[in-house]
Amino acid sequence: MASTTSHTSASHGVTHDDHHHHEPGFFQKYIFSTDHKVIGIQYGLSSLAFLFFGFLLMMAMRWQLAYPGKAIPVLGALFEKALGTDMAQGGVMQADLYNSFGAMHGTIMVFLAIVPLAFGAFGNYVTPLQIGAPDMAFPRLNMASFHLYFLGGVVMLGSFFIPGGAAKSGWTSYSPLATLADPVNVIDGQTLWLVGMVLLITSSLLGAVNFITTIIQLRARGMTWMRLPFFVWAQFVTAFLLLLAFPPLEAAGLMQLADNVLGTSFFLPTGLVTSAGQVPVSGGGSPLLWQHLFWFLAHPEVYVLILPAMGVVSEIIANNTRKPLWGYRSLVYAVLAIGFLAFIVWAHHMYMTGMGTKIATFFQTTTMMISVPSVIILSALFISLWGGSIRFNTPMLFALAFLPMFGIGGLTGLPLGLNATDLYLHDSYYVIAHFHYVVAPGTIFGLFAGVYYWYPKITGRMMNETFGRIHFWGSLVFMNLIFSPMFIQGIRGMSRRMYDGGATYFQDGVGADPGLLKLNVSITHAAFGLALFQLPFIFNFFWSISNGKKVTSDNPWEATTLEWQTPTPPPHGNFTSEPVVYRGPYEYSVPGAKKDFTPQGQPG
């Protein structure tokens, strides 16, 4: 029988080896790939595209805030044609379109841009390489995770073009507003928002299971827990945050979807009245339940945003100071403490709900507690700079800027964690400024640093340093010009919800403060400046793929971790021989060593 099979195969000119070594086609290689590196690149390119789109939504909103009632240049006519006159009549942004853009800007930036870039892209590409694994533990699950993410993004974007437009109840989708915002259309933007969220959450859960299994099971020989790079620890804790915090929101999303489509009342109270009269629902639901389920995810989500960026910055600081990270074990224990405390602080977003003083005191206390491990991490990274032979390349510039920018974001969050001060600052521009200092010049600077740092490993070419420095300095200046004035606006009482920037609120001399409105104009000009300085990055990113300086070795940064011991770019399976780990991840400037770096995989 065996000889017959062999003969038959030979008669068709096909051998077993031909089957085994056939070159995969385009779709198998780039669309349906199970290679963690290709999937990481898929996540990276998709999330950068969504980041750009979310930024465009913000630019349109900033124009409306600075110049309410004036047509948006260039895009205004396009909005009117694509979205209808009720959204952008005469190219002027209407209140509903502003609300839609606000809700979708937040949703896209958090769930489709920053988290997929930090966790999906960097996590997928770098984590298996750093632990010495040939791939992720479940490659097909990895592929399914990306496809669900991409499908969720398509659903979100498609919601802009249905009757009534995209979701317009904020990125938090509070009930009962989210159910009642569009009473005309059965399948409205809010419904598609929920469908998209269910897809995105499922994607994150699949990814989280995969990361946890991979890091526990597929570490190379000698890669003990305390030899893991801090980047891997950050991804490990992030995966647990996603795995434990997302299921309640997925359940809540399905319940709100039932409220919207099936007429249930999970989050709709009895006797609900709107301007059209009493809402015909059975009632008995609790709007506060939605807030609890949402924020139980959304506060850990803040650490899902920031921890991978901390991991990236740690790798770059150790490499460019040419010395070990100060307090490596303290960093590890601090990130584990954050992973635990992140689940018991969520209700500090809910002080305005009539919370009792005892419960408020508990959440105030836990909020102050979680700031301690964050300060430990930040302090350890600052101390790591002391006495270092610092190389000020583009990745290092972004990593250095991350430290004070995240520090500002963290410190300004403390008043929001205290009940007495939050009652005044809640829903003001102060909250916008605080959160954006954490995720814009904070997390996004960390992720930009990672792009510049690992780009030569992925492509075999360096990004241009001059364009990189222009990108950095312009971004640093304009980020601060955008967000620092918002602290002033918030302390002076400007609400984040006003689609005209507060012009209506301040008319007729009632609480009039022209200075606050003028700040809207300067902030908008700074936003356009920030947009201008992203052009060098976009050009540099694509130009360097074919024209960047070729790397002369597999380890152009002279780093110690395992990803720099693979060929460039890494082949399928990653390593040419089984990696073995002999030491910790940051053996820089070891006394008596021949070089100022000793790779983890180097014997002796």
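Helix H20 gives the most to a nonpolar surface patch, with 4 residues. Helices here (H or I, at least four residues) and strands (E, at least two) are DSSP runs, numbered from the N terminus. The model is predicted: local features need pLDDT of at least 70, side-chain atom pairs count only at pLDDT 80 or more, and totals for chains, interfaces and linings use all residues. Residues are numbered from 1 along each chain as its sequence is written, and side-chain values use heavy atoms, without hydrogens and water.

The nonpolar patch consists of Phe52, Leu56, Leu532, Leu535, Ile538, Phe542 and Ile545. Together these residues have about 660 Å² of accessible area (Shrake-Rupley method, 1.4 Å probe; for residues, only the protein chains shown count as cover). Patch residues have over 30% relative accessible area and no salt bridge, and nonpolar side chains (Val, Leu, Ile, Met, Phe, Trp, Tyr) are joined within 5 Å, like charges within 9 Å. A salt bridge is a side-chain nitrogen of Lys or Arg within 4 Å of a carboxyl oxygen of Asp or Glu. Two or more patch residues come from each of helix H4 (36-66) and helix H20 (535-547). Leu535 lies in helix H20.

The protein chain holds 20 helices and 2 strands. Its C-alpha atoms fill a box of roughly 80 × 70 × 50 Å, taken along the principal axes. Of its 604 residues, 56% are buried (under 20% relative accessible area, 1.4 Å probe, protein chains only). The accessible surface of the protein chain is about 25,100 Å². Carbon and sulfur atoms account for 68% of that surface.

Notes. Buried < 20%, exposed > 50% of the residue type's maximum accessible area, 1.4 Å probe, protein only.
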